[in-house]
Amino acid sequence: QRKKLLELLQGAGINDVAGVQELFKEMVSTVLENGLEGELDDELGYSKYDYRNKETDNSRNGYSEKTLKTSLGDIEIAVPR
């Protein structure tokens, strides 16, 4: 496992702690954005491109940019509307 992790980090051009922190921040951002998308799917009752099953007048309306302040520093996320 460790060898695969090192290969992944080298393949991404990460060779120091700062690079690992940036990668972690990107991962946190992705997880949060995916969670928010899933929450919106549940609230609206249809998934992003499934307009045929839309049974509400409420719909998606783009994204809002938000900044989260974390112990790793600021993380930018796109919050779906």
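1. Surface. Accessible areas here come from the Shrake-Rupley method with a 1.4 Å probe, and for residues only the protein chains shown count as cover. On that basis the protein chain has an accessible surface of about 6600 Å². Carbon and sulfur atoms hold 51% of that surface.

2. Ground rules. This is a predicted model: local features need pLDDT of at least 70, side-chain atom pairs count only at pLDDT 80 or more, and totals for chains, interfaces and linings use all residues. Residues are numbered from 1 along each chain as its sequence is written, and side-chain values use heavy atoms, with hydrogens and water left out.

3. Fold. The protein chain has two helices and two strands. Their order along the sequence is α-α-β-β. Helices (H or I, at least four residues) and strands (E, at least two) are DSSP runs, numbered from the N terminus.

4. Overall dimensions. The radius of gyration of the protein chain is 17 Å, whereas a compact globule of 81 residues would have one near 12 Å. That radius is taken over C-alpha atoms, and the globule rule is 2.2 Å times the number of residues to the power 0.38. Along the principal axes, the C-alpha atoms fill a box of roughly 50 × 30 × 15 Å. Within the chain, glycine 19 and glutamate 43 are 24 residues apart in sequence and 36 Å apart in space, C-alpha to C-alpha.

5. Of the 81 residues in the protein chain, 19% are buried. Buried means under 20% relative accessible area, exposed over 50%, and partly exposed in between (1.4 Å probe, protein chains only). Contact means heavy atoms within 4.5 Å. Among contacts with a separation of 6 or more, 30% join residues 24 or more positions apart.

6. Helix α1. This helix covers residues 2-11 and is hardly covered: of its ten residues, the count of buried ones is one. Just after α1 comes glycine 13, with a positive phi of about 75°.

7. Helix α2 and lysine 25. Lysine 25 lies in helix α2, residues 17-44. Lysine 25 is buried, with a relative accessible area of 14%. What does lysine 25 contact, leaving aside neighbours within four places in sequence? The partners are Leu72, Gly73, Asp74 and Ile75. A polar atom of the lysine 25 side chain also lies 3.2 Å from the backbone oxygen of aspartate 74. Glycine 19 is in helix α2 too, and glycine 19 counts as buried at 17% relative accessibility.

8. Salt bridges. The structure holds two. A salt bridge is a side-chain nitrogen of Lys or Arg within 4 Å of a carboxyl oxygen of Asp or Glu. Side chains of opposite charge can pair when their charged atoms come close.

9. Glutamate 22 with lysine 25. These side chains meet in a salt bridge at 3.4 Å, N to O. The two residues are separated by about one helical turn, because they are three residues apart in helix α2. Glutamate 22 is partly exposed, with a relative accessible area of 42%, whereas lysine 25 counts as buried at 14%.

10. Aspartate 74 with lysine 69. The closest N and O atoms of this salt bridge are 3.8 Å apart. Aspartate 74 is partly exposed at 40% relative accessible area. Lysine 69 counts as exposed, with 70% relative accessibility.

Methods. A polar contact is a pair of N or O atoms within 3.5 Å; within protein, one must be able to donate a hydrogen and the other to accept it, and residues adjacent in sequence count only if both atoms are side-chain atoms.
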